[in-house]
Amino acid sequence: MLILKYERLDFFNHRIFTEDKKDRYTKEDLKKVFAYFSKNNDTSIQIDSIIIYWNCLAEYENRIVTVRTYDGMNYTEAKKSYDKVKKECYAMV
């Protein structure tokens with residue numbers, strides 16, 4: 001499952017947390033998600049049991065993402081280059 005998590009403004013200018021989900025995703029869907037993700041520092045991506053997010057504004061500016069991988073009982077976090085993570089995710093499809 002592919003999930004894009006972000007905040008948006010509603011009609012009354014309040015911030016609303018939103019999740020867009022897709023069960024069967026393609027490489028084109030990943031490209032769209034990563035294009036949106038690269039332009040917004042308050043966005044995260046979940047691909048199955050992997051969560052990718054910008055941990056802080058400095059990491060967004062330096063294009064370093066935090067990747068959290070969940071194995072069913074525990075999770076591990078790693079800092080990786082945005083381009084490297086994007087290529088790894090494209091290779092999964």
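This note sets out points on the fold, the aromatic contacts and the strand pairing of a predicted model.

1. Basis. Residues are numbered from 1 along each chain as its sequence is written, and side-chain values rest on heavy atoms, with hydrogens and water left out.

2. Overall fold. The protein has 3 helices and 6 strands, where helices (H or I, at least four residues) and strands (E, at least two) are DSSP runs numbered from the N terminus. Along the sequence the order is β-β-α-β-β-α-β-β-α. The radius of gyration, taken over C-alpha atoms, is 13 Å, close to the 12 Å of the globule rule for 93 residues, so the protein is as compact as a globular protein of that length. That rule is 2.2 Å times the number of residues to the power 0.38. Along the principal axes, the C-alpha atoms fill a box of roughly 40 × 35 × 30 Å.

3. Of the 93 residues, 33% are buried; buried means under 20% relative accessible area, exposed over 50%, and partly exposed in between (1.4 Å probe, protein chains only). Among contacts (heavy atoms within 4.5 Å) with a separation of 6 or more, 33% are between residues 24 or more positions apart.

4. Aromatic pairs. The whole structure holds 9 aromatic pairs. Rings of Phe, Tyr and Trp (its six-membered ring) pair if their centres lie within 6.5 Å; planes under 30 degrees apart count as stacked, over 60 as edge-to-face and the rest as tilted. Phe34 and Phe37, with ring centres 6.3 Å apart and planes at 85°, are therefore edge-to-face. Both residues lie in helix H1 (residues 27-39), 3 residues apart, about one turn of the helix. Phe34 is buried at 1% relative accessibility, and Phe37 is buried at 0%.

5. Link between helices. Phe34 also forms an edge-to-face pair with Tyr90, at 5.9 Å centre to centre and 85° between the planes. This pair joins distant parts of the chain, with Phe34 in helix H1 and Tyr90 in helix H3 (residues 82-92), 56 residues apart. Tyr90, like Phe34, is buried. Ring pairs connect Phe34, Phe37, Trp54, Tyr60, Tyr82 and Tyr90 into a cluster.

6. Charges over rings. A charge is taken to sit over a ring if NZ of Lys or CZ of Arg is within 6 Å of the ring centre and within 35 degrees of the ring normal. Arg63 lies over the face of Tyr82, 5.0 Å from the ring centre. The charged end of Arg68 sits over the ring of Tyr75, at 4.3 Å from its centre. Tyr75 belongs to strand E6 (residues 75-81) and is partly exposed at 48% relative accessibility. Apart from neighbours within four places in sequence, Tyr75 contacts Arg68, Thr69 and Tyr70.

7. Strand pairing. Two strands pair if DSSP finds at least two bridges between them. Strands E3 (residues 44-47) and E4 (residues 50-53) run antiparallel, joined by 4 bridges, and Ser44 stands opposite Tyr53 in E4. These two strands form a hairpin with 2 residues between them, and Asp48 in the turn has a positive phi of about 55°. E4 is also joined by 4 bridges to the antiparallel strand E5 (residues 64-70), where Thr69 is the bridge partner of Ile50.

Definitions and conventions: Predicted model: local features only at pLDDT ≥ 70, side-chain atom pairs only at ≥ 80, totals over all residues.
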